[in-house]
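Hello,

Here is the structure I promised to pass on. My notes on some of its interfaces and residues follow below it.

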Amino acid sequence: MIQALASTAERDKEGDESGMRVTEHPILGGLTPGRVVQIVVDGKKIEAREGETIAAALLAAGIRVNRYTSKRHEPRGLFCGIGQCTDCVMVVNGVPNVRTCVTPVASGMVIETQHGSGGRAESDEEV
Amino acid sequence: MPRGLTVDGFPTEEELKKSPGYPSEERFKRGPVAVVECVQEIPCNPCELACPRKAIQVGVPITNLPRLDEEKCTGCGICVARCPGLAIFVVDKTYSDKEASVSFPYEYVPLPREGDVVLAVDRAGSVVCDGTVLRISNPKRNDRTAVVTIAVPKGMADEVRGIARIRGERIG
Amino acid sequence: MSVLDDDLIICRCEEITVGEIKKAIREGARDIAGIRRRTRAGMGLCQGRTCESLVLRILARELDEEAGRFHPNTARPPVLPVTFGVLAGEPDE
Amino acid sequence: MSRGADVIVVGGGVIGSAVTYYLAKEGLDVCLVDRGDVASGTSSACDGNVLATDKEPGFDSQMTLKSQLLFRDLQEELSYDFEYRQRGSTLAVEDEEQEKVARDWVSRQVAAGLPMRYVEREEVHDLEPMIADDIIGLVECASDLSLNPMALVFAFVHAAESLGARIMRFREVKGILRDAKGAVKGVDTAEGPIESKRVVLSAGVWSPFIAKTVGVDLPVIPRKGAILVSERTFVVGRRKVMEFGYLMTKFGGGCSRKVEPDMDKYGIAMVFEPTPHGNFLIGSSREFVGFDRTCTSEVLTLMARRAIRFFPAIKDVKVIRSYAGLRPYTPDHLPIVSPVDRIPGLYIATGHEGDGIGLSPITGKVISEMITGKPTSISVEPLRLDRFEKKAAGAKTTA
Amino acid sequence: MAVVGAGPAGLAAAIEAQKRGLNVLLVDMNLKAGGQLIKQIHKFFGSHEHRAGTRGIDIARDLYEEAVSSGVEVWLDAAVYAIYPGPVLEIARGILATRTASKEMVHASRVVLATGASENAVSFPGWTLPGVMGAGAAQTMINVERVLPGKRVLMVGSGNVGLIVTYQLLQAGAEVVAIVEVAPKIGGYGVHSAKVRRAGVPILTSYTVLRAFGDRQVEGAEIVAYDEHHNPIEETRQFLDVDTICIAAGLKPYAKLAALAGCELIYSPVLGGWMPVHDENMHTSVPGIYVAGDLAGVEEASTALEEGRLAGLSAAESLGKGGPDAADEKESIRERLSMLRIGPFGKARADAKSEVIKVGEKICRAG
């Protein structure tokens with residue numbers, strides 16, 4: 001039981017403040033160190049593991065809202081996780097509607113919460 | 001009031017005793033034995049191949065309920081980690097004067113350690129008594145399914161089927 | 001049953017509600033395509049991948065028919081979003 | 001046997017629904033019959049352009065202008081929002097050769113009373129910021145407008161219903177019934193006949209099959225047109241933009257385009273139309289392939305390529321869907337809005353090709369005027385069915 | 001031959017056909033091969049032939065290696081967005097991992113579609129809030145990405161997916177507060193339910209989720225029990241302190257590509273909804289196009305594997321490359337398939353499948 005305490009403490013040490021990373025796993029084993037890349041989310045620098053999806057990196061950082069809808073301006077996040085429902089889309093490197101659940105992070109990637117269609121104006125009616 | 005596997009999610013005593021994988025009380029008296037808690041006809045038979053003594057038979061079709069040949073079974077426990085449904089246990093009601101031992105699959109981290117006093121749970125996940133960890137076995141052939149053996153008061157041998165997971169919250 | 005509140009969103013992309021779908025049925029929609037044309041349910045980025053089966057269930061219930069009577073929307077290319085650039089098939093400069 | 005009606009309208013597309021609306025407005029008991037849902041054929045597979053700019057100067061463009069004025073009224077009359085937007089439209093001119101034809105086009109249209117002008121090179125990007133750098137001029141038409149075609153059908157249908165019209169969906173008309181004297185007495189449907197002394201046939205490309213049941217040959221054939229739909233995205237343009245070469249694909253001749261041969265083979269011409277929902281539609285293609293409504297790889301590829309040529313910025317915008325519709329083509333590009341002289345009580349309203357949406361109000365109005373015996377809002381002579389017979393006869397004489 | 005989808009069915013089809021002498025191209029839109037197997041960390045059921053007792057992730061790895069070593073050409077990050085008569089596949093390569101995606105046109109004389117299934121949604125007030133997600137999405141997060149989707153979870157649905165994902169959430173360190181099941185009985189295997197019950201997770205049958213609470217994300221859920229007349233029992237209404245709601249309401253075949261290819265569809269509630277009609281060789285109504293796996297009716301991964309083999313073998317046979325054992329081999333695959341469709345859980349699927357094949361025998365001429 002003291003062991004368990006230690007492993008929780010280690011989590012925090014690794015900078016996983018939200019405690020969302022699955023560092024130890026009975027089947028998958030310990031989380032291999034892996035290369036860390038920096039991404040920028042809404043202007044804030046965040047560390048991500050190379051190869052993971054944007055959605056995973058955000059969840060690990062405690063970010064669950066990926067976008068706000070056009071009509072009701074409601075928050076949306078990860079839903080299907082397989083690139084089908086397109087609810088987790090964000091503006092990535094200036095491109096709107098990028099499916100974050102299937103798109104891997106890359107060093108220096110600039111990610112923004114998407115509002116509506118992510119365009120420079122919501123629709124031509126609102127110009 | 002037990003409502004059965006499909007409502008409560010775990011088998012009742014009656015469902016278990018009706019199944020061909022459940023040892024007789026006489027067999028329990030003679031030492032460790034496998035308890036196969038597989039009471040639904042599902043297409044699955046690794047238990048059959050797991051046993052070196054062919055003490056578990058499924059046969060054809062593979063939806064047959066596993067049948068335990070309690071004379072052949074030595075309670076070695078190889079089948080415990082091989083059952084994909086984690087539905088096989090080894091119970092030794094002769095472990096000591098006052099205690100029985102129960103072996104069960106355990107796929108969580110962290111693992112308990114030998115000698116730890118743990119919270120033993122029944123099929124419904126309720127803590128029913130303390131248990132003492134006797135063994136943790138996790139050889140390669142188990143493919144990451146550890147088998148934990150704990151000692152519990154003899155009267156709990158038919159109830160205890162696991163331990164409460166060791167979690168951060170419970171520490172201290 | 002509260003889960004059928006008219007205000008409940010069914011099409012997550014276009015934010016179309018149960019109420020709007022029921023209204024479309026009252027106005028004559030008899031299939032998924034008819035609902036889509038009247039409400040935009042299924043016209044968004046995901047093209048109905050999430051809501052199609054929900055719309056199908058509402059149709060079946062409102063019209064008291066078997067779900068299997070309602071055909072899915074006609075499949076048309078592209079079945080998943082692809083850029084004009086890729087579709088145009090021109091090599092990148 | 002269903003209750004009869006003053007008029008039966010066959011076909012619940014935009015033309016049939018407009019006809020139904022205008023007839024109901026005149027107080028007639030109208031019954032609209034469609035084998036499926038309303039707005040489920042060609043009117044659900046088109047764009048929402050109401051353009052005068054691409055019409056032949058003269059009768060053709062005048063008729064559109066009249067229709068555009070009717071739309072202004074309809075916006076008030078119809079309670080159902082059909083996403084009416086009058087933003088005008090532009091035609092993109094690629095080179096000096098096109099420029100010459102374009103300037104001539106503008107002057108002829110202006111002479112015919114259309115609010116058009118030629119936009120010089122310096123002003124091109126003020127009007128269309130996203131358009132390709134090498135576009136040398138634009139033809140602008142201020143009166144052109146856009147709307148949602150399916151919503152327009154629903155708007156007509158709802159208004160007609162509230163005026164007492166009956167809408168019979170999912171009832172297939174098998175043929176037209178005549179009395180002993182040869183006059184119309186109703187229609188035959190899968191669920192039995194419906195009586196009426198007047199029938200308006202407005203079933204688009206499917207009209208000839210029904211007309212044939214009374215021995216009428218309609219020179220209407222399906223011409224397939226495909227459309228690409230984008231995701232919701234940034235503002236690429238705020239109004240309709242077409243390539244000037246579109247006119248060439250529509251009418252043929254005039255001036256050439258510098259395009260790969262397949263572009264002309266499939267009649268590809270860029271048509272850009274923003275919707276109020278944040279996405280845009282890309283057309284267009286023109287093919288005679290019978291009743292095949294599938295989208296083909298070649299056409300979609302070429303349409304995407306042509307669209308990028310005019311709006312390079314959309315290269316990274318995603319296409320989420322395509323569809324194709326069967327436009328009712330006639331040999332002289334004018335619709336048939338006409339009584340059938342040989343069969344008293346039978347009227348034809350079809351053959352609008354790509355202009356059905358835009359011409360639906362004027363068509364509906366004219367048919368209602370014909371049936372109620374009022375003077376028609378526009379001259380209907382050029383729209384008469386017998387013009388084809390006359391032409392055929394004329395051709396024979398000349399030969 | 002081209003195979004669309006590198007899950008168990010697609011991989012098996014590709015291996016089988018390649019081994020029999022076809023040149024096989026296997027395409028998948030994801031960055032990793034294996035389909036849903038890459039998140040199946042549990043040991044599989046079935047028999048020895050189906051590699052029962054092996055974990056899904058290991059089966060995925062082995063199948064992929066076998067495919068590559070047998071000579072199958074594999075394109076990952078390759079999304080088939082259209083299929084035209086020919087059949088010709090139009091593929092976008094490099095959408096996910098690169099910024100310069102390109103288009104590839106592939107003409108194949110035989111195509112196996114193994115596009116799998118997608119999760120059914122359940123709608124309730126608040127279901128659009130971040131934190132409400134498919135059980136599959138949560139499973140991907142914990143087992144592939146190694147990130148918790150949340151710390152306190154309500155699972156909606158007690159089918160095998162709901163039960164297994166519940167177990168795996170526990171393994172990853174999350175709490176599952178409860179499983180609610182709208183039906184009066186648990187949907188999945190008893191061994192799975194017993195496993196999560198032992199771990200202390202209550203399974204509430206005849207219960208439903210009424211709403212998800214939260215402003216920007218899930219902060220709680222309200223559940224209620226139903227009586228036998230489907231009326232809520234007010235005194236059972238309760239608030240659960242959860243940050244995540246997982247929906248496990250079954251799967252539906254992902255049939256859009258098959259439909260675009262012109263395959264006749266049939267509605268089978270037992271097999272997940274609309275799916276392509278096929279004959280006993282997995283051949284569809286479109287000459288040269290085969291289907292396998294969840295697309296051909298939602299079942300287990302073991303079934304998908306066998307169907308994939310059958311489709312690959314049938315395609316090879318139709319090109320004269322079946323080999324001398326083709327008929328026998330097909331027979332034994334069919335036998336193994338029927339073994340997977342017996343018992344109380346398999347019977348309904350067996351019946352539904354034979355209904356499909358009965359229709360298929362009429363409209364699916366061999367390619």
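Between chain D and chain E the count of salt bridges is zero, a salt bridge being a side-chain nitrogen of Lys or Arg within 4 Å of a carboxyl oxygen of Asp or Glu. Two residue pairs are in polar contact across the interface of chain D and chain E, both residues at pLDDT 80 or more. A polar contact is a pair of N or O atoms within 3.5 Å; within protein, one must be able to donate a hydrogen and the other to accept it, and residues adjacent in sequence count only if both atoms are side-chain atoms. The side of chain D that touches chain E has two nonpolar, three polar and no charged residues. In these classes Ala, Val, Leu, Ile, Met, Phe, Trp, Tyr, Cys and Pro are nonpolar, Asp, Glu, Lys and Arg are charged, and the others, Gly among them, are polar. Five residues of chain D contact four residues of chain E, where contact means heavy atoms within 4.5 Å. The two chains bury about 280 Å² between them, 42% of it on carbon and sulfur atoms; buried area is the accessible area (1.4 Å probe) lost by two parts on being put together, summed over both.

This is a predicted model: local features need pLDDT of at least 70, side-chain atom pairs count only at pLDDT 80 or more, and totals for chains, interfaces and linings use all residues. Residues are numbered from 1 along each chain as its sequence is written, chains are lettered from A and ligands numbered from 1 in the order in which they are written, and side-chain values use heavy atoms, with hydrogens and water left out.

Next, chains B and E. Here 41 residues of chain B are in contact with 37 residues of chain E, and the buried area is about 3300 Å², with 53% from carbon and sulfur atoms. The rule finds 21 residue pairs in polar contact across this interface, both at pLDDT 80 or more, and four salt bridges. In one salt bridge, the side chains of B:D143 and E:R55 meet at 3.6 Å, N to O. On the side of chain B that touches chain E, the elements giving two or more residues are α1 (5-8) and α4 (46-50) of chain B; helices (H or I, at least four residues) and strands (E, at least two) are DSSP runs, numbered from the N terminus. The largest share, four residues, comes from α1(B). By class, this side has 20 nonpolar, nine polar and 12 charged residues.

E:R55 is also among the contacts of E:H42, which include E:T54, E:I164 and E:Q168. E:H42 sits in the loop between β2 (25-27) and α2 (56-69) of chain E. It counts as buried because its relative accessibility is 11% (buried is under 20% relative accessible area, exposed over 50%, partly exposed in between; 1.4 Å probe, protein chains only). The side chains of E:H42 and E:Q168 form a polar contact of 2.9 Å.

A:R64 lies in the loop between α2 (54-60) and β3 (67-68) of chain A. A:R64 is buried without a salt bridge, and the nearest side chain of opposite charge, E:D243, is 4.5 Å away (Lys and Arg count as positive, Asp and Glu as negative; His and the chain ends are not counted). The side chain of A:R64 does reach two backbone oxygens, that of E:P149 at 2.8 Å and that of E:D243 at 2.6 Å.

Finally, B:V109 is in the loop between β5 (99-106) and β6 (117-121) of chain B, and is partly exposed because its relative accessibility is 32%. Leaving aside residues up to four places away in sequence, B:V109 touches A:E24, A:H25, A:P26 and B:I166.

Regards
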